[in-house]
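Subject: Handover of a structure

Dear colleague,

Please find the structure below. My notes on what was found in it follow.

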Amino acid sequence: MSMMKNLAVLGLAATILLPGQITPVTAAEIEIGLWTRADRSGPLRAGNIVAAADTVNKMLAAAGSPDTVTVSIHENNAKGFDADALDLMKAFAANKAPDIYVAAHEWIGAFAEAGYAMNLEDHIAANPEYYADVIPVLWNATLYLGKRHAIPQDSEIRMFFYNKDMLRQIGKSEDFIEGLPAMVESGEFTIWDLSSLAKEVVDGGAAEYGIVHRPNVGPDFLMTMASFGFDPMDEQTGKLQASRSALEGFLSWIKWNADNGVTPSNNTSFSWDTINHLLPEGKTFIKHHGLWDVPRQIRFGVSEDSEEAYTNTVGWVHSPAAEKGGSPANLSHPIVYAVNPGSEHADLAALLVAIASQPYFNTPHAVTTGHTAIMHAQSGMPAYQEAWALSRGAKLLPNASFMPNHTQIGPFNQAIYKGIQGVETGRISVEEGVDFILDELESELGDDVVILD
Amino acid sequence: MSADLITQQKRRQRTNFVIFLGPACLLLLMFFVLPVVVDIAVAFTDMGRTLKAGEFTFENFERMFTRDRRLLKTLTLTFIYVLGTLAFFNVTFGLILALVTTALPSRAGGFFRAVWLLPRMSPSVVYALLWAWAIDPTERGLINQIFLALGIPILDLQNDFPMVLIIVANGFIGASMGMIIFTSAIRSIPEHLFHAARTDGAGGLRVVWHITLPAIRWPISFITVYQTLSLLVSFEYIWLITDGGPFFDTTVYALYVYKRAFESGQYAYGATLALLLVVIGVAASMLMWRFLNMKALLQEPRIEVH
């Protein structure tokens, strides 16, 4: 950290901690509450805030202040970020709110609307030394009514991982195998072509399954749906929207995959553990997941732990366009820090977030959990450069979109997932699936959603 | 003086009432009456994820009766689940276990009863995790490992027979309660009745039919009523094993209420749905009370032994 930044931190901390005190009589211990989901995929999300408090404490000590800042962490044992956000809402309602919390970005709208997320525009403007280097596109994930209400803590990229050895096994040329990402990028190779290829691999006996996806609700499906032109939010009105024709296209693809042995019709009955072993164990040709899965794939034995060995075995593509000439889709799902505007120490909390977001703190989180950087400067750090998967993944970022920061995105995703499950398991037809999703959305969300087509 | 005595007695009666019945009344009020009152109050609001109640509204009732397309299907599913679990496990299998284990030598009977109590003694999450592992639809699952060793094709219980799965998973736990109650009831039947029946030439089944079953009629009625109500409101094993899926195939009514309230954050609508569950529970109790003649079970004994 530069000298200027140190001085700025000290000045800000002194302003916050010692208002009007020239000679503090007694030492104050300020406790900052932090809410985070107990999540093995990102322990430093909380750890970096604690480290930021240590930095502030060192500066206070250097300035001769007896005051200290401590961070008390509440690790919430929720099944996912949606469940965690609902628990946090309850904590706010019961006056047990933390000063800082970690959340999935799409919940920021709900928190901000309820008055639980601080508008950080002034804080960001007042502290350019901390925020000027943030990758601009990531700010989009923190907006509510056009204002930034959170600080991106990490970023990611999702993709279809495909097994190159299986393509070799069914006789595909190296040119085809290595050229696949470019063909997807140009829109020449569609999502239907990908399914046909997966069927070829399964029929050729190279894999048991063609394409597997997550077995629960999550952002991946919106990424594939974007390939079919499904845009979940109308930016003009700020309302959620659902297109009947895009849903029809997407669910037809799901059904085709299930009917043709490409995706197991009981994919949603699989446990995460089973899903995570399928690619490394050579049982599936394609797995739809995210960049953070790469360390696990290597740990489970997909290849040797080197860039060369991995890229010789596994390739990455976006979700291809549904029609030739269309654009492929990707989706990033940043996790963010937000500050409770009702906190007695909101400014100090924001300062801790600012420090925790600096490259020195954020890079260890990024490289140990397979998340891409939030600042440009991180790409120059040796640790980041050594993490070859991150720099490769960052190349897919330009096609990334984000989930809408809408208050009703949780029920919206739930309805879509149930529809997918119904069609994939053969319990309902594509038409019934579309009707089911649209009915659920209308019944659950009412005026918050507009049905298109 | 006598008036004083009466007053004192009355005061004593009131004190006794407070001391002996007070705690029970307080608990009843806190955990049975108050939740229903709160539920009714919440049902008439628009309380959402922030737990803030805005306005008084009938919107939730209107939605439940006119727009909720899952309601009827969920209720039908619940009926099948409750009936199936009762019929195959909680009453019938519990009875079979009791009959068999009481017929066995005492040590062997005790051992088998202990084995059947194990699922009930396991923490629910551990029990559910074991099931999740057992039914994994790939060769990683315990059942499929056994099937593969026997040359039987892989089975996906969760996808192909979801209702059977939740009935069996719940039934394995539910059967033990019936087993304990029925065992105790069978043990209390005077032994000379069995000897007399045997002397008259009755076989095992006839003894069960003519001696045992009539003697344990009331415990059977009690278990039926109690377990029906218990199954109506329980969902934790279903939630942990299938999460109500695939699609809505195992979303029983109590789970549906939970999901609407706590997974979607629609607390007011969840409260409205829960209110219907209270009504169904009360109606089911009253019907069974009437048809199983439970009043006779609770009447005062006609013979008093001194």
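Is the crossing of H10(B) and H11(B) left-handed or right-handed? The crossing of these two helices of chain B is right-handed; a crossing counts as left-handed if the near helix is turned anticlockwise from the far one by less than a right angle, and as right-handed if clockwise.

Before the details, some conventions are needed. Residues are numbered from 1 along each chain as its sequence is written, while chains are lettered from A and ligands numbered from 1 in the order in which they are written. The model is predicted, and local features need pLDDT of at least 70, side-chain atom pairs count only at pLDDT 80 or more, and totals for chains, interfaces and linings use all residues. Helices (H or I, at least four residues) and strands (E, at least two) are DSSP runs, numbered from the N terminus.

Confidence

The predictor gives the complex an ipTM of 0.77 and a pTM of 0.83. For chain B, the mean pLDDT (the predictor's confidence in each residue, from 0 to 100) is 91, and 98% of the residues reach 70 or more. Among the elements of chain B, the lowest mean pLDDT, 76, belongs to helix H16 (residues 294-298), and the highest, 96, to helix H3 (residues 71-90).

The helix pair in chain B

Helix H10 (residues 191-199) and helix H11 (residues 204-215) of chain B pack at an angle of about 145°, and their axes are 10 Å apart. Axes are lines fitted to C-alpha atoms, for helices over the stretch in contact, and angles run from 0 to 180 degrees between N-to-C directions. H10(B) brings B:Leu193, B:Phe194 and B:Ala197 to the contact, and H11(B) brings B:Val207, B:His210 and B:Ile211; two residues are in contact if their C-beta atoms, placed from the backbone, lie within 7 Å. These residues divide into five nonpolar, one polar and no charged. Here Ala, Val, Leu, Ile, Met, Phe, Trp, Tyr, Cys and Pro count as nonpolar, Asp, Glu, Lys and Arg as charged, and the others, Gly among them, as polar.

Contact between the chains

Chain B gives 21 residues to the contact and chain A gives 23. The side of chain B that touches chain A has six nonpolar, seven polar and eight charged residues.

Domains of chain A

An automatic or database domain assignment gives chain A domain 1 (3-149 + 335-401) and domain 2 (158-331 + 406-452). Their centres, taken over C-alpha atoms, are separated by 32 Å. Each of the two domains supplies 17 residues to the contact.

Sheets of chain A

Five strands form an open sheet with mixed pairing, in the order S2-S1-S3-S14-S6; two strands pair if DSSP finds at least two bridges between them. Strands S2 (68-76) and S6 (151-152) of chain A stand at the edges with a single partner strand each, so one side of each has no neighbour in the sheet. S6(A) runs antiparallel to strand S14 (residues 335-339) of chain A, joined by two bridges, and A:Ile151 stands opposite A:Tyr337 in S14(A). Helix H16 (residues 346-356) of chain A lies across S1, S2, S3, S6 and S14, at about 155° to S14(A).

A further open sheet of chain A has three strands in the order S9-S10-S16, also with mixed pairing. Four bridges join strand S10 (residues 239-243) of chain A to S16(A), and the two run parallel. A:Leu240 has A:Val449 in S16(A) as its bridge partner. Helix H21 (residues 430-445) of chain A packs on this sheet, touching S10 and S16, and its direction makes about 155° with that of S16(A).

Yours sincerely
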